[in-house]
Amino acid sequence: MSFNKSRGGGEEVVVVLRGSISRRWTFLLCLASFCIGLLFTNSMWTMPEPKEIIRRSTLEVEKMNLVAGDCAPKSTAGDPKDAPGEVPRTQDVIQTLDKTISNLEMELASAKAAQESMLSVVAPAASESTGKRKYFMVVGINTAFSSRKRRDSVRATWMPQGEKRRRMEEEKGIIIRFVIGHSATPGGILDRAIDAEDRKHEDFMRLDHVEGYLELAAKTKAYFVAAVSMWDAEYYIKVDDDVHVNIATLGNTLARHRSKPRVYVGCMKSGPVLAQKGVRYHEPEYWKFGEWGNKYFRHATGQLYAISKDLASYIALNQHVLHKYANEDVSLGSWFIGLDVEHVDDRRLCCGTPPDCEWKAQAGNVCVASFDWTCSGICKSADRIKDVHQRCGESENAIWNAKF
């Protein structure tokens with residue numbers, strides 16, 4: 001770097017810069033200035049923490065949602081993302097309501113049964129005030145479209161006909177009817193055949209039920225529901241059309257249990273739960289009865305059983321919530337579990353055919369019902385029931401001399 005002096009007219013001295021600063025020093029000076037400025041800026045302004053930013057953002061979003069929720073119209077369809085969670089909650093609510101309704105129906109049935117029991121003691125003539133006659137027992141004979149010969153054999157033996165049957169209803173308060181539903185094609189040839197038979201004998205009770213062997217539990221339930229609505233009786237009996245019955249002996253047997261408001265009379269058994277498919281009496285819901293090889297709870301055999309009015313009314317009131325198993329006698333027994341019911345095991349309701357029932361009759365212990373266990377009824381009953389009636393039946397005047 002050099003300096004030159006020059007003189008002008010006024011003797012002034014002028015200094016002239018003739019060199020220049022190198023580029024390297026210029027760059028270093030700029031970099032140093034930038035760093036000093038950066039340090040100064042950091043000391044004067046501090047960046048907010050990330051957590052603070054997130055917290056503020058969250059609060060702002062919540063405020064915006066509150067405002068949007070108050071202003072925006074509410075949708076009934078809901079957010080699609082929430083739909084999977086809403087479905088289980090809806091199902092839980094429905095199940096809770098179903099249980100509540102079932103409990104209320106049970107309580108209503110119990111209350112009504114208790115009320116009817118009290119009324120029957122305090123005011124035995126209450127039914128007369130309503131114009132509905134009281135009967136002693138209703139006997140429903142379970143039958144099928146193909147059982148015409150069986151029905152005729154019953155009419156020819158233990159079931160009174162014509163004027164005798166009407167007299168038995170008036171004097172003894174005993175109703176006897178063949179119980180049958182309708183075919184899968186109502187009004188078809190099967191239904192017309194039953195209509196013609198009923199016009200001749202007037203001894204049928206028609207149910208709103210589609211006939212079928214696998215629907216016996218539903219038919220039994222329908223029978224009790226219909227019988228309770230049609231006749232106000234003390235007892236309701238179900239019997240198969242291949243069983244021999246002594247009506248007077250049956251009436252005397254049931255009359256001894258009149259003091260019991262809820263009684264279930266029959267030959268009590270506890271057979272094995274059959275889990276194997278393809279066998280007779282297979283139980284599809286076998287797993288509900290415990291381990292493989294377990295037995296059913298005690299219940300009356302299906303050939304003949306009787307229940308008191310309170311139990312029949314209970315079935316009628318709770319018909320829509322009573323579960324049906326594969327076998328109708330098991331189903332009936334299951335409906336009474338948990339109720340205050342007296343089970344009466346009377347072996348006279350399941351005597352064998354001659355010579356068994358004959359020996360008992362000769363000993364003065366007349367059987368209520370007779371059938372063959374191997375056939376779940378009288379084997380070839382249309383041909384053999386007449387012989388059973390002659391050897392094991394009560395006298396013709398027994399029903400007229402009986403006092404229930």
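Predicted model: local features only at pLDDT ≥ 70, side-chain atom pairs only at ≥ 80, totals over all residues.
User: What makes Phe136 a contact of Leu254, and which other residues are in contact with Leu254?

Analyst: Contact means heavy atoms within 4.5 Å, and, leaving aside neighbours within four places in sequence, Leu254 is in contact with Phe136, Met137, Tyr235, Ile237, Val265 and Ala306. Leu254 and Phe136 are 118 residues apart in sequence, while their C-alpha atoms are 9.4 Å apart in space.

User: How do you know whether helix 8 is roughly parallel or roughly perpendicular to helix 10?

Analyst: Helix 8 packs against helix 10 (residues 309–317) at an angle of about 110°, with the axes 8 Å apart. Because angles of 65 to 115 degrees count as roughly perpendicular, helix 8 is roughly perpendicular to helix 10.

User: Which residues meet where helix 8 and helix 10 pack, and how do they divide by class?

Analyst: From helix 8, Lys221, Phe224, Val225 and Val228 meet Ala312, Ser313, Ile315 and Ala316 of helix 10. The residues of this contact divide into 6 nonpolar, 1 polar and 1 charged.

User: What is the volume of the largest pocket, and which residues are closest to its centre?

Analyst: The largest pocket has a volume of about 1,100 Å³, and of the 42 residues that line it, Tyr213, Leu216, Arg280, Tyr281 and Glu328 are the closest to its centre. By class, the lining has 17 nonpolar, 14 polar and 11 charged residues.

Technical notes: Residues numbered from 1 in each chain as written. Heavy atoms only, no water. 1 Å grid on protein atoms, 1.4 Å probe; cavity = no way out; pocket = protein on both sides within 12 Å on 5 of 7 lines; lining within 4 Å. Points joined across faces, edges and corners; volume = space filled by probe spheres on them. Nonpolar A, V, L, I, M, F, W, Y, C, P; charged D, E, K, R; others polar. Axes fitted to C-alpha atoms, helices over the stretch in contact; angles between N-to-C directions. Helix = DSSP H or I, 4+ residues; strand = E, 2+ residues; numbered from the N terminus. Parallel < 35°, antiparallel > 145°, perpendicular 65-115°, else oblique.
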